[in-house]
Amino acid sequence: MSGNKWLPKIKAIWKLMRPFTCLVPALGVLSGTLAALGAVARRKNVAVADILDHFDVLAMLEEPERGWGSAVVLGVLAAVALNVYSNVLNQICDLEIDRR
């Protein structure tokens with residue numbers, strides 16, 4: 001039963017974060033990645049599918065030069081984190097306005 005006391009707090013934090021707004025920055029990073037992949041594929045005269053074969057998030061630990069997938073995942077997480085920060089800061093700064 002002690003877990004129930006945290007549920008309202010978790011719901012409030014979730015609502016404060018406005019997670020539905022995180023989709024746009026995540027898609028921005030992903031679309032930028034796809035554009036860059038297309039440019040690299042064209043310049044190296046290879047298929048994008050050949051480059052995508054090296055999308056391994058864990059590969060960076062073993063072979064950093066092949067672990068570009070980790071960079072994409074970290075980029076998406078960073079964009080989402082900045083968006084959440086912006087949402088929370090906006091809510092804090094608008095507190096007085098919202099009370100009127």
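This is a predicted model: local features need pLDDT of at least 70, side-chain atom pairs count only at pLDDT 80 or more; totals for chains, interfaces and linings use all residues.
Which residues does Asn83 touch, not counting residues up to four places away in sequence? Residues are numbered from 1 along each chain as its sequence is written, and side-chain values use heavy atoms, with hydrogens and water left out.

Now to the answer: leaving aside residues up to four places away in sequence, Asn83 touches Thr21, Cys22 and Pro25, where contact means heavy atoms within 4.5 Å. Asn83 is found in helix H5, which covers residues 68–93; helices here are DSSP runs of H or I with at least four residues, strands are runs of E with at least two, and both are numbered from the N terminus. Asn83 counts as buried because its relative accessibility is 17%, and the cut-offs are under 20% relative accessible area for buried, over 50% for exposed, and partly exposed in between, with a 1.4 Å probe and protein chains only.

Let us stay on helix H5 for two further residues. Asn87 is also found in helix H5, and at 7% relative accessibility it counts as buried. With residues up to four places away in sequence again left out, Asn87 touches Leu16, Met17, Arg18 and Thr21. Val80 is in helix H5 too, but Val80 is partly exposed, since its relative accessible area is 23%.

Next, please look at two loops. Arg18 has a positive phi of about 50 degrees although it is not a glycine, and it counts as partly exposed because its relative accessibility is 22%. Asn45 lies in the loop between H2 and helix H3 (48–52), and Asn45, again not a glycine, has a positive phi of about 60 degrees. Is Asn45 buried or exposed? Its relative accessibility is 70%, so Asn45 counts as exposed.

Turning to side chains, we find the charged end of Lys9 over the ring of Trp6, 4.8 Å from its centre; the rule is that NZ of Lys or CZ of Arg must be within 6 Å of the ring centre and within 35 degrees of the ring normal.

Finally, let me step back to the whole chain. How many helices and strands are there in the chain? There are six helices and zero strands, and the pattern read along the sequence is α-α-α-α-α-α. The chain has 100 residues, of which 16% count as buried. Among the contacts in the chain with a separation of 6 or more, 51% are accounted for by residues 24 or more positions apart. The chain exposes about 7,900 Å², and carbon and sulfur atoms supply 67% of that area, as computed by the Shrake-Rupley method with a 1.4 Å probe, where for residues only the protein chains shown count as cover.
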